[in-house]
Amino acid sequence: MHFDLLISGAGPAGLCLARALSGIGLSIGIVEQQPENAIAEPAFDGREIALSQGSAATLRRLGLWERIEGYDAAALSPLRDAQVLNGPSKFSMVIGHGLGARSELGWLASNHLIRRAAWEAVQHSMAQHGDITLMAGDGVARVGADAQAAQVTLASGATHRARLLVAADSRFSPTRRAMGIGASLHDFGRTMLVSQVEHELPHEHMAWEWFGHGQTMALLPMNDDPVSGAHRASVVLTLPQQRIEPLLALDAEAFGAELARRFDHRLGAMRSTSTRHAYPLVGVYPHRLVAERFACIGDAAVGMHPVTAHGFNFGLLSVTTLARELRAAHAAGHDIGAPQPLARYQRHHRLATRPLYEATRLVATLYTNDTAPARRLRDVVLRVADRVTPFKRAIAAQLAGGR
Ligand SMILES: Cc1cc2nc3c(=O)[nH]c(=O)nc-3n(C[C@H](O)[C@H](O)[C@H](O)COP(=O)(O)OP(=O)(O)OC[C@H]3O[C@@H](n4cnc5c(N)ncnc54)[C@H](O)[C@@H]3O)c2cc1C
């Protein structure tokens, strides 16, 4: 088949791009290696995604927000404040919502609900405009491009052509690699374990990032259980892989007790309420985001370390930036796969993401260094940063997504 736009990967970024460009007269194909039922009913994967206000606005515009609210009235939790702690000290640097103009810094939503809502929004576009074709259960195997079109061969042997091919197929994007684009990889040598808990004391909708000694913990505040009233949160534990494995093997009761101990009982007793999921930590920054008749978005464009909670926020930013360029080119009667709109997309997205990508890498490296001088430096940096209001305001503005 011949498409205007062919997207590799029906993760949240790929689906949001299809949704953002539906209804303007482009034919859009999506190739996804997983079967359709995995896209329609994505399984819980432990990830609670912190969304900036800018991302919340994008999700509203794309029609995902009200779908997520419709699944469960408690599904979108406000993130009012955030605190950063270091070692056993009780001192914390607090980023309060008062630094911005809203009563919350951002929001939290489960990744599987975002994915489900994205697929439903795409289905709505399909019914309304008939301009999106999903090819599920068949991955991109080979790609090529020339001045006229990108050519794609799927694992099944089917071949397609497109004016523009977009990779939205994860941070290790096979399509990006096949297009000959390399990437800088940073393996942090750590794994993240994510899981949901109920806990005894209220979290007051404060997110925690706690750089302990020998471990890093995060707590993402979820809404209380609407039926039982129990306080709920998503916890994230970062450790070397060999120390994650025994935690995966604990029974639920022992795991809850272990988390409460690691959180120094600051939120009282903890009870594990979900499956546990482990993610190895590798940051990826591609050398280029575009090539002839090709662009990458989502994690394929920037694979962030989750500590600054910006992977999907940047993913949505890539969607809005590329969609704006493609809409403008199409409206002016130009070729959407021409080099100029792609070059503008690359310039904007790299400018918007590179500084935080590098800063995140530095923070994650410094705050997992447990040597005595590094521990002292970690403490000094945190206490100084706490006094620099413009710095904290800048973090609050970053969470607000500049909107
Ligand atoms: C523990 C954890 C916590 C996180 N917390 C946050 C947070 O708080 N805030 C935030 O903004 N972000 C967060 N993120 C990041 C966020 O989850 C990702 O940025 C986002 O899910 C990436 O979406 P994507 O669509 O780009 O890629 P993916 O979700 O990886 O989807 C890629 C899709 O491509 C498909 N695919 C792969 N290869 C092929 C192929 N050859 N052909 C066809 N299809 C293919 C895959 O099957 C998949 O469906 C977190 C990540 C982790 C791991």
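Helices (H or I, at least four residues) and strands (E, at least two) are DSSP runs, numbered from the N terminus. Residues are numbered from 1 along each chain as its sequence is written. The model is a predicted one: local features need pLDDT of at least 70 and side-chain atom pairs count only at pLDDT 80 or more, while totals for chains, interfaces and linings use all residues.

Let's start with Ala149, which sits in the loop between strand 9 (140-145) and strand 10 (150-154). Is Ala149 buried or exposed? A residue is buried if 20 or more other C-beta atoms lie within 10 Å of its own, exposed if 12 or fewer, and partly exposed in between, with C-beta atoms placed from the backbone. Ala149 counts as buried because 20 C-beta neighbours lie inside 10 Å. Two residues are in contact if their C-beta atoms, again placed from the backbone, lie within 7 Å. Not counting residues up to four places away in sequence, Ala149 touches Arg161, Ala162, Arg163 and Arg293. Between Ala149 and Leu26 there are 15 Å in space, C-alpha to C-alpha, and 123 residues in sequence.

Now move to helix 1 (12-21). This helix is mostly covered, with ten of its ten residues buried. Those buried residues pack against strand 1 (2-8), strand 2, helix 5, strand 8 (132-136), strand 11 and helix 9. Ala20 belongs to helix 1, and Ala20 is buried because 22 other C-beta atoms lie within 10 Å. Leaving aside neighbours within four places in sequence, Ala20 is in contact with Leu62, Val319 and Ala323. Just after the helix comes Gly23, with a positive phi of about 90°.

How do helix 1 and helix 5 (residues 111-129) meet? Their axes come within 9 Å and cross at roughly 25°; axes are lines fitted to C-alpha atoms, for helices over the stretch in contact, and angles run from 0 to 180 degrees between N-to-C directions. Angles under 35 degrees count as roughly parallel, over 145 as roughly antiparallel, 65 to 115 as roughly perpendicular and the rest as oblique. Helix 1 and helix 5 are therefore roughly parallel to each other. On the helix 1 side, the meeting residues are Pro12, Leu15, Cys16, Ala18 and Arg19, and on the helix 5 side they are Ile114, Arg115, Ala118, Trp119, Ala121, Val122 and Ser125. The residues of this contact divide into nine nonpolar, one polar and two charged. Here Ala, Val, Leu, Ile, Met, Phe, Trp, Tyr, Cys and Pro count as nonpolar, Asp, Glu, Lys and Arg as charged, and the others, Gly among them, as polar.

Next comes the ligand. It is surrounded by 33 residues, of which the closest are Gly9, Gly11, Gly139, Gly298 and Gly311; a residue is near a molecule if its C-beta atom, placed from the backbone, lies within 6 Å of it. This shell holds 15 nonpolar, 14 polar and four charged residues. Which helix gives the most to the shell? Helix 9 does, with four residues.

Finally, look at two backbone angles. Most residues other than glycine have a negative phi. Ser170, in the loop between strand 11 (159-167) and helix 6 (174-178), has a positive phi of about 85°. Ala309, in the loop between strand 19 (294-296) and helix 9 (311-331), has a positive phi near 50°. Ser170 is partly exposed because 18 other C-beta atoms lie within 10 Å, whereas Ala309 counts as buried, with 25 C-beta neighbours inside 10 Å.
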